[in-house]
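Here is a tutorial dialogue for someone meeting a protein model and wishing to learn how its features are read.

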Amino acid sequence: MNTHTEILALAKKLKPELRRNFASSYYIEDEPKELRRYQHAALILHTVETVPELTRLVKTEFSAFEELINNPQYHRYQIPKKKGGFRDIYAPSQALKRAQKILNYHLQGYYLCIKPDVAHGFVVNPISYEKPCNIVSNAKVHINKKHLLNIDIKDFFPTITAKRVFELFRGEYFDFTGKIAALITLLCTYEGILPAGSPVSPVISNFICLDLDKQFVQFCDENQLNYSRYADDLSFSSDTKISIEQITAIKNIIQSNGFAVNEKKVYVCSSASRQTVTGITVNQKLNVNRQLLKKTRAMLHDLKTKSLETATQKHFNITTATTEKQRQIFIRRLAGYINFIGQVRGKDDAIYRRMKMGFDGVFEGDL
């Protein structure tokens with residue numbers, strides 16, 4: 001992979017007349033084809049210097065682009081949080097979402113080139129990529145450690161203001177002109193913040209956290225700690241007790257980077273109790289919690305011994321006839337649970353294999 005300075009330097013060397021078409025023929029290094037596509041996307045992003053180049057990048061006519069940034073349309077709704085309260089979600093209009101998704105592709109390509117190993121959330125996973133990033137890779141960092149600390153950043157997306165996004169695109173990682181940085185900021189933010197629900201918000205949050213991750217890598221090297229981050233969930237582990245002084249220092253680093261600690265989600269435990277990282281048990285090996293195993297077994301048992309109709313009714317706790325949509329949701333949910341168990345416990349795990357065979361047996365010849 002390349003450093004951000006190497007990517008910037010290479011992008012600036014490209015002649016303007018080559019910027020539009022070089023992706024199909026220009027090779028950064030001897031990498032698999034899929035990975036090269038993301039590297040090309042990163043370079044294309046960095047060749048943008050003018051407004052027409054930006055509108056071409058997001059495949060939007062100038063007049064339509066003006067409307068997107070001057071009159072952004074979002075549908076606001078709320079979803080319940082696991083431990084009470086609600087989270088605001090802002091779903092962009094179809095036109096805005098399309099432009100944001102294109103920009104997201106280029107930003108994800110760049111982040112993949114420069115991301116630190118400690119970041120595991122909101123990262124694309126090319127098939128050929130040797131280090132896939134997900135909640136499993138995030139949890140693996142902390143397997144069989146005597147002490148674990150989990151810290152949650154409070155109001156993660158709303159804390160990332162439009163000013164911080166502008167400074168990101170204007171700063172060393174992108175070095176865009178003030179005008180281009182401002183236009184991209186307007187395309188990505190809403191009411192002065194990074195909106196949860198936009199396809200581009202997650203990757204921007206990862207860029208915002210680059211300095212945070214760097215500081216924690218250095219801090220943990222100096223303090224014999226393991227560190228990983230999945231979005232706003234930060235985890236630290238060690239075979240020696242994590243001291244109050246270290247926890248205070250960790251909180252100070254978070255605050256110095258413009259974030260606040262969710263004190264309700266500061267979780268410290270030893271190996272004598274169940275240790276979890278992003279919902280995965282890490283005491284001696286990776287494992288899913290017993291409740292999920294029990295729930296998956298029950299869903300599969302009802303499906304095999306009764307019927308899809310009865311299993312769906314029981315799962316959704318309804319007494320009336322189910323709809324086709326509800327039955328399909330049940331099937332997808334059960335398949336997702338089984339695949340997740342296999343991802344965590346391993347594809348050779350006996351429990352996973354029995355569940356997978358049972359599920360496939362029900363739908364053999366039907367799906």
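**Reading helices, hairpins and buried residues**

Q: How are two packed helices described, and at what distance and angle do the axes of helix 5 and helix 10 cross?

A: Two packed helices are described by the angle between their axes and by the distance between those axes. Here the axes of helix 5 (residues 94-114) and helix 10 (residues 201-208) come within 9 Å and cross at roughly 35 degrees, where helices (H or I, at least four residues) and strands (E, at least two) are DSSP runs numbered from the N terminus. The axes are lines fitted to C-alpha atoms, for helices over the stretch in contact, with angles running from 0 to 180 degrees between N-to-C directions. This is a predicted model, in which local features need pLDDT of at least 70 and side-chain atom pairs count only at pLDDT 80 or more, while totals for chains, interfaces and linings use all residues. Residues are numbered from 1 along each chain as its sequence is written, and side-chain values use heavy atoms, with hydrogens and water left out.

Q: Which residues meet where helix 5 contacts helix 10?

A: Contact means heavy atoms within 4.5 Å. From helix 5, Asn104, Leu107, Gln108, Tyr110, Tyr111 and Ile114 meet Val203, Ile204, Asn206 and Phe207 of helix 10. Sorted by class, this contact has 7 nonpolar, 3 polar and no charged residues, where Ala, Val, Leu, Ile, Met, Phe, Trp, Tyr, Cys and Pro count as nonpolar, Asp, Glu, Lys and Arg as charged, and the others, Gly among them, as polar.

Q: Is Asn206 buried or exposed, and what does its side chain reach?

A: Buried means under 20% relative accessible area, exposed over 50%, and partly exposed in between (1.4 Å probe, protein chains only). Asn206 in helix 10 has a relative accessible area of 0% and is therefore buried. Its side chain reaches the backbone oxygen of Gly121 at 2.9 Å, a polar contact being a pair of N or O atoms within 3.5 Å; within protein, one must be able to donate a hydrogen and the other to accept it, and residues adjacent in sequence count only if both atoms are side-chain atoms. Leaving aside neighbours within four places in sequence, the residues in contact with Asn206 include Tyr111, Phe122 and Arg229.

Q: Where does Gln246 lie, and which backbone atom does its side chain reach?

A: Gln246 belongs to helix 12 (residues 244-256), and because its relative accessible area is 14%, Gln246 is buried. The side chain of Gln246 reaches the backbone nitrogen of Ser243 at 3.0 Å.

Q: How many bridges join strand 4 to strand 5, and which residue of their hairpin takes a positive phi?

A: Two strands pair if DSSP finds at least two bridges between them. Strand 4 (residues 226-230) and strand 5 (residues 233-238) run antiparallel and are joined by 5 bridges, with Tyr230 having Asp233 in strand 5 as its bridge partner. Their hairpin has 2 residues between the strands, and Ala231 takes a positive phi near 60 degrees.

Q: Why does Phe330 count as buried, and what does Phe330 touch?

A: Phe330, in helix 15 (residues 324-345), counts as buried because its relative accessibility is 1%. Not counting residues up to four places away in sequence, Phe330 touches Met299, Leu303, Leu308, Ala311, Thr312, His315 and Phe316. The C-alpha atoms of Phe330 and Leu303, which are 27 residues apart along the chain, are separated by 9.9 Å.
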